[in-house]
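Please view the sequence and the structure below before reading on.

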Amino acid sequence: MPSLGQRETQVLATIIESYIASASPVGSRAVAEHSGLRLSPASMRATMSDLTDLGYLEQPHTSAGRVPTARAFRLYVDSLLRPLPLGSAERDAIADELSRQELEISGILRRAANLLSGHARQLGMVVAPSEDEARWRSIEFAPAAEGLVLAVLMLEGGLVRTRTVRVDERYGQDELVRFGNYLNEHFRGLSLSEARDRIGHELARAGSRLEEMCVRALALSRRAVEHMGDDRELIVNGTLNMLAHAEFTDVGRMRDLLAAIEERSRLLELLDRTLSERDVRITFCQDVADGAPDGLRGCSVISAAYGGDTPRGVVSVVGPLRMDYAKIVPVVQCVSRALTQLFRERFAAAPCRLP
């Protein structure tokens, strides 16, 4: 990408910011008025023509002004963007909203998605942490019906998962209580994925080493937890916000966007790329090597991981390429940090009690 001189950079930044605000082509007169450059009309037009030749601008129609290309937006977010920090009152309001009395993690995350879409006036998306990383607190079993046992697994952070397990033998209530006590004594403090591996390992080498009760408890627990954590939650909020943007006034374009929102697995794959990032990441969907959902063409994703050393998830805002990055990046950053603080308080690691 060729470097631009100061004049070209200032003209380009002016056009991008005007286009973000209006979604309309920007003419040389508007650039002259807002850029602060004292250029003659001829010099301004020549500079815009040069930027067009370099691939930073395009002209929808001969008589229209210029609009910035994806290349221009990439330069803007990488080099020219100056985020507008949130005030302390706004940061406190976001933190207060997220920390309101709420027992369920999913309720907190739904509130986070609502905050993101409300502040950004775009789509807010939140990926819940993988339960595989959450630590085992306790498991309880109870007879549910003939041939069925209900398993209730409690994980760190207030996560509770239930599973009904089909069984071929009859279990008494006292026996199921002993199963739970045995498993909790040996697996409390392990992550769910570690516990699942350990259960398989213990069963594989059990032989005559373990009492029958232990083997039966391990076998029942394996069936209860083997698929827990497979279905990660993706919360989407603010779909109606998109109707207010010029890019989505076309019915077909909006239909494509809604179809993309239904492609949960591809959205998760796209958002999970942020998990290894330490700060906010801005992704242009057209630049994703192995493809974002087709309905997100021309869209951008502003995302950040949350959770720190606890189970991690992703918060994000999805919208057209001309999103107001200067305002939205600090919002995504603030929600991410507030959730991280909440998760640190909730997911205090319990000591592992394995021998």
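Is phenylalanine 343 buried or exposed? Its relative accessibility is 1%, so phenylalanine 343 counts as buried. The cut-off for that term is a relative accessible area under 20%. The model is a predicted one, and the values that follow are computed from it.

## Aromatic pairs

Across the whole structure, a search finds 4 aromatic pairs. One of these 4 pairs joins tryptophan 136 and phenylalanine 187, whose ring centres are 5.6 Å apart and whose planes meet at 35 degrees, so the pair is tilted. Because tryptophan 136 belongs to strand 4 (residues 136-145) and phenylalanine 187 to helix 7 (residues 173-187), the pair ties together parts that are 51 residues apart in sequence. Tryptophan 136 counts as buried, with a relative accessibility of 0%, and phenylalanine 187 counts as buried at 2%.

Tyrosine 306 and phenylalanine 343 form an edge-to-face aromatic pair, with 5.3 Å from centre to centre and 75 degrees between the planes. The term edge-to-face applies because planes over 60 degrees apart are classed in this way. Tyrosine 306 is part of strand 9 (residues 299-306) and phenylalanine 343 is part of helix 12 (residues 325-346), so this pair ties together parts that are 37 residues apart in sequence. Tyrosine 306 has 0% relative accessibility and therefore counts as buried; phenylalanine 343, as stated above, is also buried.

## Arginines over aromatic rings

Two arginines are placed over the faces of aromatic rings. Arginine 71 lies over the face of tyrosine 56, at 5.1 Å from the ring centre. For arginine 74, the ring is that of phenylalanine 284, and the distance from the ring centre is 4.2 Å.

Strand 4, which holds tryptophan 136, pairs with strand 5 (residues 148-155) in the antiparallel sense over 8 bridges. Within this pairing, tryptophan 136 has leucine 155 of strand 5 as its bridge partner. The two strands form a hairpin with 2 residues between them, and glycine 147 in the turn has a positive phi of about 80 degrees.

How many of the 5 residues of strand 3 (residues 123-127) are buried? The number is 5 of the 5, so strand 3 is largely enclosed by the rest of the structure. Leu123, Met125 and Val127 point one way from the strand, while Gly124 and Val126 point the other way.

Strand 3 pairs with strand 10 (residues 313-320) in the antiparallel sense over 5 bridges. In that pairing, leucine 123 has valine 318 as its bridge partner in strand 10. Strand 3 also runs antiparallel to strand 7 (residues 234-237), to which 4 bridges join it. Here valine 126 is partnered by isoleucine 235 of strand 7.

The loop between helix 6 and strand 3 contains arginine 121. Arginine 121 has a positive phi of about 60 degrees although it is not a glycine, and at 49% relative accessibility it counts as partly exposed. Helix 6 (residues 105-120) itself holds arginine 111, which counts as buried at 12% relative accessibility. Alanine 23 is likewise not a glycine, yet has a positive phi of about 60 degrees; its place is in the loop between helix 1 (6-22) and helix 2 (28-35).

Glycine 229 is found in the loop between helix 9 (212-225) and strand 7. With a relative accessible area of 15%, glycine 229 is buried. From C-alpha to C-alpha, glycine 229 and glutamate 156 are 14 Å apart in space, and they are 73 residues apart in sequence.

## The largest pocket

The volume of the largest pocket is about 270 Å³. Of the 16 residues that line it, the closest to its centre are Glu277, Arg278, Ala305, Arg312 and Ser336. Strand 9 and helix 12 are the elements that give two or more residues to this lining.

Which element gives the most to the lining of the largest pocket? That element is helix 12, with 5 residues. By class, the lining consists of 4 nonpolar, 6 polar and 6 charged residues.

Notes:
Residues are numbered from 1 along each chain as its sequence is written. This is a predicted model: local features need pLDDT of at least 70, side-chain atom pairs count only at pLDDT 80 or more; totals for chains, interfaces and linings use all residues. Side-chain values use heavy atoms; hydrogens and water are left out. Rings of Phe, Tyr and Trp (its six-membered ring) pair if their centres lie within 6.5 Å; planes under 30 degrees apart count as stacked, over 60 as edge-to-face and the rest as tilted. Buried means under 20% relative accessible area, exposed over 50%, partly exposed in between (1.4 Å probe, protein chains only). A charge sits over a ring if NZ of Lys or CZ of Arg is within 6 Å of the ring centre and within 35 degrees of the ring normal. Two strands pair if DSSP finds at least two bridges between them. On a 1 Å grid over the protein atoms alone, a cavity is a set of points where a 1.4 Å probe fits but cannot get out, and a pocket is an open set with protein on both sides within 12 Å along at least five of seven lines; lining residues have an atom within 4 Å of a point. Grid points are joined across faces, edges and corners, and a volume is the space filled by probe spheres set on the points. Ala, Val, Leu, Ile, Met, Phe, Trp, Tyr, Cys and Pro count as nonpolar, Asp, Glu, Lys and Arg as charged, and the others, Gly among them, as polar.
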